[in-house]
Amino acid sequence: MLSLIEAGFARPPTLVPFSDRLMPGELLAIVGPNGAGKSTLLSLLSGFRRPERGTVCLDDTPLAGWDPAALARRRALVAQSLTLGFDWPVRELVALGSEATESEVDAVLALLDLQALAERGALGLSGGEAQRVMIARALCQLGLGRSEQPEPGRVLLLDEPTSALDIGQQQRLLRLLRHLAQAHRLAIACVLHDLNLTARYAHRVWLLERGRRIAAGTPAEVLDGCTLARVFDAELTVGSRQGDGSPLVLLAP
Ligand SMILES: Nc1ncnc2c1ncn2[C@@H]1O[C@H](COP(=O)(O)OP(=O)(O)OP(=O)(O)O)[C@@H](O)[C@H]1O
């Protein structure tokens, strides 16, 4: 279990300290306008930046106290962009840094529908293909390709994983993440700009504004029309989706 205990940053980029947990089995969406602090929060949750206030613990141990190799098996971060100094074949890139066998890599490639690209060089991939490869690599790092149940209590953090994906790929990815969270008791936190994807697939939402988490709860609780219009400085209405009643955000013309 990943816990924030009054954790935040006093110096820019600032993050007002707060406490909460990433729950196993849950897909959490982190939303907010540009510059609100979403990536900053992911750097805190992942341990890439140490909090200047409070603590972030995995189980009961602060992230800084974890052995790096053990931590890498328990939490993975998918950053916004892929920077490569070498044209790795996709298969090797996905396995990089993990001890995954060939069949485990194949299983992860199949989850992201990447088998046809396995032998291709990563530098030649389209933006959306590269994004899926980065996600596959994180899943491999967490042991998701293994047939036996991998270590419990793993955490997957993704920064705008749908930004380069077409709508079909967005749907498949969000369905996959939701399935993985529930089937493998993974805790997943995902920065999303698309509030309708958030409403449709997230179990819980954190809304950030100017370095402060201002709301947390189910999509129906957080995605309130007045709040969203103010925070995003946008003309919009929030309706209710036929069927499941989840929020539906509509921009005014
Ligand atoms: N090293 C830094 N020093 C000072 N300010 C920074 C630094 N890095 C980021 N910031 C600022 O902190 C704020 C939060 O940045 P962050 O990248 O977390 O926002 P975000 O919510 O992820 O935005 P976006 O939706 O545009 O990706 C921004 O205003 C950014 O300009």
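Student: In strand S6 (residues 75-78), which residues lie on one side and which on the other, and are they buried or exposed?

Tutor: Keep in mind that this is a predicted model. In a regular strand the side chains alternate between the two faces of the sheet. In S6, Arg75 and Leu77 are on one side, while Ala76 and Val78 are on the other. Both faces of the strand are covered, and the state of these four residues is buried.

Student: Which residue in strand S7 stands opposite Ala76?

Tutor: Strands of a sheet pair through backbone hydrogen bonds, either parallel or antiparallel. Here S6 and S7 (residues 155-159) pair in the parallel sense, over four bridges. Within S7, the residue that stands opposite Ala76 is Leu156.

Student: Which strands are the edge strands of the open sheet?

Tutor: The open sheet has six strands with mixed pairing, in the order S6-S7-S8-S3-S9-S10. An edge strand pairs on one side only, and that holds for S6 and for strand S10 (212-217). From one strand to the next the twist averages 15°, and the edge strands asked for are S6 and S10.

Student: Which residue in strand S9 stands opposite Val31?

Tutor: Strand S9 (residues 204-209) and S3 pair in the parallel sense, and their pairing runs over four bridges. In S9, the residue opposite Val31 is Leu207.

Student: What angle does the direction of helix H5 make with that of S6?

Tutor: Helix H1 (residues 38-46) lies across S3, S6, S7, S8 and S9, and runs at about 155° to S7. Helix H5 (residues 127-141) also packs on the sheet, where it touches S6 and S7. The direction of H5 makes an angle with that of S6 of about 175°.

Student: How far apart are the end C-alpha atoms of helix H6, and what span should its residues have?

Tutor: Helix H6 (residues 167-184) has 18 residues, and at 1.5 Å a residue they should span 26 Å.

Student: Which residues of H6 are buried, and how wide an arc do they cover around the axis?

Tutor: The buried residues are Leu173, Leu174, Leu177, Leu180 and Ala181. What covers them includes strand S3 (27-31), strand S8 (187-191) and helix H7 (195-201), whereas on the other side of H6, Ile167, Gly168, Arg175 and Ala183 are exposed.

Technical notes
Residues numbered from 1 in each chain as written. Predicted model: local features only at pLDDT ≥ 70, side-chain atom pairs only at ≥ 80, totals over all residues. Buried ≥ 20, exposed ≤ 12 C-beta atoms within 10 Å, placed from the backbone. Helix = DSSP H or I, 4+ residues; strand = E, 2+ residues; numbered from the N terminus. Pairing = 2+ DSSP bridges. Expected span 1.5 Å × (residues − 1). Contact = placed C-beta atoms within 7 Å. Axes fitted to C-alpha atoms, helices over the stretch in contact; angles between N-to-C directions.
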